[in-house]
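Welcome, and thanks for opening the viewer. Let's walk through a few selections together, one stop at a time.

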Amino acid sequence: MNTLEFTILVAIGSLLAGLLGSLTGLGGGVVIVPLLTLAFGVDIRYAIGASLVSVISTSSGSAAAYLKEGYSNIRIGMFLEVATTIGAITGAYLAASTPTRAIAIIFGVVLLYSAYSASRPPKASSTDDQPDRYAKLLKLDGDYPTAAGKESYHVRHVPAGFSLMYLAGVISGLLGIGSGAVKVLAMDQIMRIPFKVSTTTSNFMIGVTAAASAGIYLHRGYIDPGIAMPVMLGVLGGALIGARILPGAKVRTLRMVFSLVIAALAVEMIFKGLKGSL
Amino acid sequence: MPAIPDWGDKRFEIMIGRLLRYGVFLAASWVLVGGIHYLLQSHSEAMNYKVFRGESDDLRFVREIIRGALELNARGFIQLGILLLIATPVARVAFSVVGFALEKDWLYVGVTLIVLALLVYSLSS
């Protein structure tokens, strides 16, 4: 394969990843690393570097749309970013000393979890837990628009949520993904933040988290312009098309299909990692 | 009542969101121009990413990347676009410091400065 062929094929693959990622709300980042490593034989370190770049582009590119909707809570986002950025820096350092086989296996496990959480409908979170004093101290409580007007919410279990966010940051830094699934788990299921607020605030945090590890990856020489270029442009193009056709798309079926694809890629990553052929 | 973002705060946020989108658009255009230049130069070279070698110094550090891009080196030019993209979330956090300061929310000026310091550490370490 020469450079031109490689660039075009990677751009097409990334376009599809970005399109499916934006239509299903799962983000294109999760499939970029398996795509590059399994289909193109790219070393996993280069793949992670390129994936991080694409994650930043979709997060920053869609910020305007999310902020206009009025769901995201910038205080929750900023406070939790302290945990995710420290985690991302930890993860980026860990990546240097972790064998690539182990990274492939961990990647597969995280992918399986993402596929599982995507195929399951959002569970209504109960709100009968004790209010959290840190939430009051940090002014995390807020409200969001619903059909029946503004609805206020309280944030709970702040220390547990903060800790899980650190883990989400480590995963993001180690694997070069947005780890949106873990972020939403922390906010929605543990901190009891409404689902819509969790997902949009998570999108806001993903770019900042990815930037924290991207700096370290760049200095380490993991970000190659020849790979990052088609990946970034492809994912961004796919996300733009996705945003256009989203209103008429059959998202449920698509989510199921995409989850199955992710699960298959996960098994393949784990298998290759165990065999040591990645 | 806990302080919740008021309308002025939200308007500031939307403005930041727009700036980010312009930033991404600029970075993507930059990378596209560099990419075309790169492909015209080296389209028929064999690609080899199977073995990890790591990038050379001129593609790893901010100052060297800028120098390479000014010399119109195709890969350096793309890398500067990518650096620009990495800078967009950093800019967002920096703007948020200003936003919280305008609201006189000093607690969150502090929180945001911590996040900014971590990002600057990562990019300069």
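Where is the place of Met191(A)? Select Met191(A) and you will land in the loop between helix H8 (180-190) and H9 of chain A. Keep in mind throughout that this is a predicted model.

Stay here for a moment. Met191(A) has 0% relative accessibility, so it counts as buried. To see what surrounds it, show its contacts beyond four places in sequence: Leu80(A), His154(A), Val155(A), Arg156(A), His157(A), Val158(A), Gly161(A) and Ala186(A).

Next, pick Thr98(A), in the loop between H4 and helix H5 (100-119) of chain A. Is Thr98(A) buried or exposed? Its relative accessibility is 19%, and because the cut-off for buried is under 20%, Thr98(A) counts as buried. Zoom in on its side chain, which reaches the backbone oxygen of Leu94(A) at 2.6 Å. Leaving out residues up to four places away in sequence, Thr98(A) touches Ile103(A) and Leu174(A).

Finally, move to chain B and select helix H4 (residues 106-124). With 19 residues at 1.5 Å a residue, H4(B) should span 27 Å, and its end C-alpha atoms are 26 Å apart, which agrees. Colour its buried residues, among them Tyr108(B), Val111(B), Thr112(B), Val115(B), Leu119(B) and Ser122(B). What do the buried residues of H4(B) pack against? Show helix H4 (74-97) and helix H9 (195-220) of chain A, together with helix H3 (74-102) of chain B.

Terms used
Residues numbered from 1 in each chain as written. Chains lettered and ligands numbered in written order. Predicted model: local features only at pLDDT ≥ 70, side-chain atom pairs only at ≥ 80, totals over all residues. Heavy atoms only, no water. Helix = DSSP H or I, 4+ residues; strand = E, 2+ residues; numbered from the N terminus. Expected span 1.5 Å × (residues − 1). Buried < 20%, exposed > 50% of the residue type's maximum accessible area, 1.4 Å probe, protein only. Contact = heavy atoms within 4.5 Å. Polar contact = N/O pair within 3.5 Å; in protein donor to acceptor, adjacent residues only side chain to side chain.
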